[in-house]
Amino acid sequence: SKHYEKGFCMKKIVLYTSQTGNTKKVGDAIAEQLGCESLNFRDFEGEVDDYDFIALGFYVDKGEAEAKFTRFLRKIHGKKLGVFMTLGAEPDGEHSRKCLDTFEEGLKANGNEIVREFACQGAIDPNLLETMRKMASSGNSPHPITPERLARWAEAAKHPDEKDLADAKAAFAGIE
């Protein structure tokens, strides 16, 4: 006997992990679109089984979601899911696609169906940028500081912007 809120035929929630607030902003926009709650997964005290649709959001850390979030996802089986992510790289690039595919693989292995996805650029954690600069200046980095890299960091710092949030809402429109 599932409880449905008045006006909605499906019980929905947005759960995310966010380090700098970028993924939270996107999750909150998606929740506004869906008419449901948006929570950092660490603050979620319910049961994922109580929901018909779950939007899951993460920031890319070394090509994937943080380990604690990945462990949390193992609880989710046989659900309709939406996936969203923020990353410092271009959202329509090969790296972005690979990150989404890697994330979705584990979810699909648990019998979940991915019905929506969204990716957008997000400002990179300033501490990470400082670490990357130090590694590069010491010669211990696979990522040299090039003008292209600096331009990408500057572009990422502008996101998520209003257009990104509108695009996120549009990507999750029609989930009833």
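1. Let's start with the pockets: helix 4 gives the most to the lining of the largest pocket, with 5 residues. Helices (H or I, at least four residues) and strands (E, at least two) are DSSP runs, numbered from the N terminus. On a 1 Å grid over the protein atoms alone, a pocket is an open set of points where a 1.4 Å probe fits, with protein on both sides within 12 Å along at least five of seven lines; lining residues have an atom within 4 Å of a point.

2. A word on what you are looking at: this is a predicted model, where local features need pLDDT of at least 70 and side-chain atom pairs count only at pLDDT 80 or more, while totals for chains, interfaces and linings use all residues. Residues are numbered from 1 along each chain as its sequence is written, and side-chain values use heavy atoms, with hydrogens and water left out.

3. How confident is the predictor? On pLDDT, a per-residue confidence from 0 to 100, the protein chain averages 88, and 94% of the residues score at least 70. Be careful with residues 1-8, where pLDDT stays under 50. Where pLDDT is low, the predicted coordinates should not be read in detail.

4. Back to the largest pocket, which has a volume of about 870 Å³ (the space filled by probe spheres set on the grid points, which are joined across faces, edges and corners). Of its 31 lining residues, the closest to the centre are Val60, Lys62, Ile124, Leu128 and Met132. Helix 1 (22-34), strand 4 (80-87), helix 4 (126-137) and helix 5 (147-156) each supply at least two lining residues.

5. The second largest pocket has a volume of about 170 Å³. Among the residues that line this pocket are Glu64, Arg74, Phe103 and Asn110. Helix 3 provides the largest share of this lining, 4 residues.

6. Is Lys12 buried or exposed? Lys12 counts as buried because its relative accessibility is 6% (buried means under 20% relative accessible area, exposed over 50%, partly exposed in between, with a 1.4 Å probe and protein chains only). Lys12 sits in strand 1 (residues 12-16), and a polar atom of its side chain lies 3.0 Å from the backbone oxygen of Leu34.

7. For contrast, look at Glu155 in helix 5. Glu155 counts as partly exposed because its relative accessibility is 32%.

Terms used
pLDDT = per-residue confidence, 0-100. Contact = heavy atoms within 4.5 Å. Polar contact = N/O pair within 3.5 Å; in protein donor to acceptor, adjacent residues only side chain to side chain.
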